[in-house]
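The sequence and structure are shown below.

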Amino acid sequence: ATPCYAASYATQMWFVLRRCMTVYWRSPGYNLIRMLIVSAFAVIFGTAYWRLTWNMHDIFLHLSWAYTTTFYLGLTFIVAGLSVHIEERPVFNREQASRTYAPWVYGVCYQIAELPYVLAITGVFLAIVWFLSDINGEPVEATAPILYFQYLLPLALFTAMCTYMGQCIARLSPTVEVGNAIGTGMANWMSS
């Protein structure tokens, strides 16, 4: 057994990860709402940057496209997870008081459970925005799939970081309102 805990860390990870996966599977509203919001943002950004060309003026629009889509996707993931994770806080506090699971086990398990949803939603978002904006224009048509995946990786990592930051904010803030204020403030701070 692990000092201070009745079970080893591996056993704790197994049980908490199973519960986290069940919580995410049983809350389709959370994941569906995120998917709908992100898809709406994708259509908005895709039409706002409709059919960009590769002249000198549109190079700045390409940079704006990359910044704006990344920022709003991250902000959506910060704010969306607050209510779900604040609802889970009493369970965490109860099990922490009874020394059932280590706090870091909770953090790691929620991050692992969130990862498939982050990757799927980010992939859908980028697919919509990428093809509506026609980022793979004539000069780079041969390398378009490579460019897509080169942008998908940092976008997914940034989205995962924002998701985990939202989880931390939810654990530290007393209410959803305070968490929303902190989350949007952090997102604005990161954007400047």
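Which residues make a nonpolar surface patch of about 380 Å²? In this predicted model, the patch is formed by L32, I33, L36 and I37. One of these residues, I33, belongs to helix α2, which spans residues 28-48. The relative accessible area of I33 is 47%, so this residue is classed as partly exposed.

In soluble globular proteins, nonpolar side chains tend to be buried together. The largest nonpolar core in the model comprises 19 residues, and W65, F125 and L126 have the most contacts inside it. Two or more residues of this core come from each of α2, α3 (56-80), α5 (103-133) and α6 (144-172). When neighbours within four places in sequence are left aside, L126 is in contact with W65, Y148, Y151, L152 and L155. A second, separate core contains 14 residues, among them Y5, Y24, F92 and A113.

**Cysteines**

The structure contains zero disulfides. A disulfide requires two cysteine sulfur atoms within 2.5 Å.

| Cysteine | Closest cysteine sulfur | Distance between sulfurs |
|---|---|---|
| C20 | C109 | 5.3 Å |
| C168 | C162 | 12 Å |

The sulfur of C20 is too far from that of C109 for a bond, and the sulfur of C168 is likewise too far from that of C162.

Note on methods: Residues are numbered from 1 along each chain as its sequence is written. This is a predicted model: local features need pLDDT of at least 70, side-chain atom pairs count only at pLDDT 80 or more; totals for chains, interfaces and linings use all residues. Side-chain values use heavy atoms; hydrogens and water are left out. Patches are made of residues with over 30% relative accessible area and no salt bridge: like charges are joined within 9 Å, nonpolar side chains (Val, Leu, Ile, Met, Phe, Trp, Tyr) within 5 Å. Accessible areas come from the Shrake-Rupley method with a 1.4 Å probe; for residues, only the protein chains shown count as cover. A salt bridge is a side-chain nitrogen of Lys or Arg within 4 Å of a carboxyl oxygen of Asp or Glu. Helices (H or I, at least four residues) and strands (E, at least two) are DSSP runs, numbered from the N terminus. Buried means under 20% relative accessible area, exposed over 50%, partly exposed in between (1.4 Å probe, protein chains only). A nonpolar core is a set of buried Ala, Val, Leu, Ile, Met, Phe, Trp, Tyr and Cys residues joined through side-chain atoms within 4.5 Å. Contact means heavy atoms within 4.5 Å.
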